[in-house]
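Dear colleague,

Please read them with the structure open beside you.

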Amino acid sequence: MKKIFILLLAVTFSSLNAIAEPVNSHAQRTLIVYFSQPENVKLDGVDGISGASILQKNGQISGSTQYLAQIIQRHTGGELFRIETVTPYPTQHEPLLRYAEQEQRDNRYPELKTKIDNLADYDRVFIGYPIWWYKMPMPLYSFLQQHDLSGKTLIPFTSHGGSRFSDSLREIKRLQPDARLVTQGLAISRDDVADDGTVTRVGDWLNKLTSVQQ
Ligand SMILES: Cc1cc2nc3c(=O)[nH]c(=O)nc-3n(C[C@H](O)[C@H](O)[C@H](O)COP(=O)(O)O)c2cc1C
């Protein structure tokens, strides 16, 4: 059976609140940029739905990369910025697959809703995305083309269906050659994102990063 490339997460504010206060905040001025595309899937409101890569706890629905971005935000105290396109992506799975495939084939850089004007305020930039057709989604290309991240520490994270970072780290390096790209990024399978251990896993990763950077 065709595997569906989606994972919807529902997280309650209470589960986010359970995250310990930022463990390594204020050391650097932090921005968390992410792209995430939750799909329109019927959820029946019951806890622990899984299968076909759909998973629900309860409460608020988000994309899996978005959920990781929120956890990173809670740990670091950084600012969140969501990359959004002027033309929305299809919210149904099959049309989204086809649309993203064609966009990539055509090498189309979608127009973004907003540009970040105050990049000078940040020293390190987490950058998060799903993998689409073995690459970063095209909005990431638009973002990296439009923003100069020279001199900043770039920390990638991804949620994926098995491809991990694929070629995305190389692509980020190519598009932002003067940024300091951290190669120990966080790659979490969409099947694991909603696990109870994810908050701790992200925190452990951040702690390791901090000790590597010191
Ligand atoms: C258009 C599309 C293409 C995808 N292609 C891949 C892929 O090539 N490799 C992979 O590991 N996962 C692929 N996936 C799965 C997503 O990377 C995965 O579901 C991810 O967690 C979605 O994150 P989001 O909810 O933040 O958008 C694809 C998903 C979509 C929608």
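Predicted model: local features only at pLDDT ≥ 70, side-chain atom pairs only at ≥ 80, totals over all residues.

Among the contacts with a separation of 6 or more, 84% are made by residues 24 or more positions apart.

The ligand

There are 23 residues around the ligand, and those that come nearest are Ser36, Thr65, Ile131, Tyr134 and Ser163. Sorted by class, this shell has eleven nonpolar, ten polar and two charged residues. At least two residues of the shell are supplied by each of α2 (64-76), α3 (93-105) and β6 (153-160), and α3 gives the most, with three residues.

The side chain of threonine 65 has an N or O atom 2.7 Å from an oxygen atom of the ligand, while for the side chain of serine 159 the corresponding distance to an oxygen atom of the ligand is 2.8 Å. In the case of glycine 161 a backbone N or O atom is involved, and it lies 2.8 Å from an oxygen atom of the ligand. The ligand on its own has 650 Å² of accessible area, and the protein covers 97% of that.

Tyrosine 134, one of the residues that come nearest to the ligand, is placed in the loop between β5 and α4. Its phi is near 65°, a positive value in a residue other than glycine, and at 54% relative accessibility tyrosine 134 counts as exposed. A second residue of this kind is serine 166, which has a positive phi of about 50° although it is not a glycine; serine 166 lies in the loop between β6 and α5 and is partly exposed, with a relative accessible area of 38%.

Helix α4, residues 138-146, is mostly covered, since seven of its nine residues are buried, namely Met138, Pro139, Leu140, Tyr141, Ser142, Phe143 and Leu144. What covers these buried residues includes β2 (30-34), β4 (79-82), α3, β5 and α5 (168-175).

Leucine 112, in the loop between α3 and β5 (124-130), is in contact with several residues of that part of the chain, including Pro139, Ser142, Phe143 and Gln146. On another side of the sequence its contacts include Ile83, Glu84, Thr85 and Val86, and the C-alpha atoms of leucine 112 and isoleucine 83 are 7.1 Å apart, although the two residues are 29 apart in sequence. Leucine 112 has a relative accessible area of 10%, and it is therefore counted as buried.

Histidine 147 is found in the loop between α4 and β6, and its side chain reaches the backbone oxygen of phenylalanine 143 at 2.9 Å. Leaving out residues up to four places away in sequence, histidine 147 touches Lys115, Ile116, Leu119 and Gln176. Because its relative accessible area is 4%, histidine 147 is buried.

The strands

In strand β8, residues 186-189, Leu186 and Ile188 point one way and Ala187 and Ser189 the other way, and all are buried. In a regular strand the side chains alternate between the two faces of the sheet. Strand β8 runs parallel to β6, to which four bridges join it, and within that pair phenylalanine 157 stands opposite leucine 186.

Glutamate 79 has its place in strand β4 and counts as partly exposed, at 46% relative accessibility. Beyond its neighbours up to four places away, glutamate 79 touches Thr30, Leu31, Ile32 and Tyr122.

With best regards

Definitions and conventions
Residues numbered from 1 in each chain as written. Heavy atoms only, no water. Contact = heavy atoms within 4.5 Å. Near = heavy atom within 4 Å. Polar contact = N/O pair within 3.5 Å; in protein donor to acceptor, adjacent residues only side chain to side chain. Areas by Shrake-Rupley, 256 points an atom, 1.4 Å probe, with all protein chains shown as cover. Nonpolar A, V, L, I, M, F, W, Y, C, P; charged D, E, K, R; others polar. Buried < 20%, exposed > 50% of the residue type's maximum accessible area, 1.4 Å probe, protein only. Pairing = 2+ DSSP bridges.
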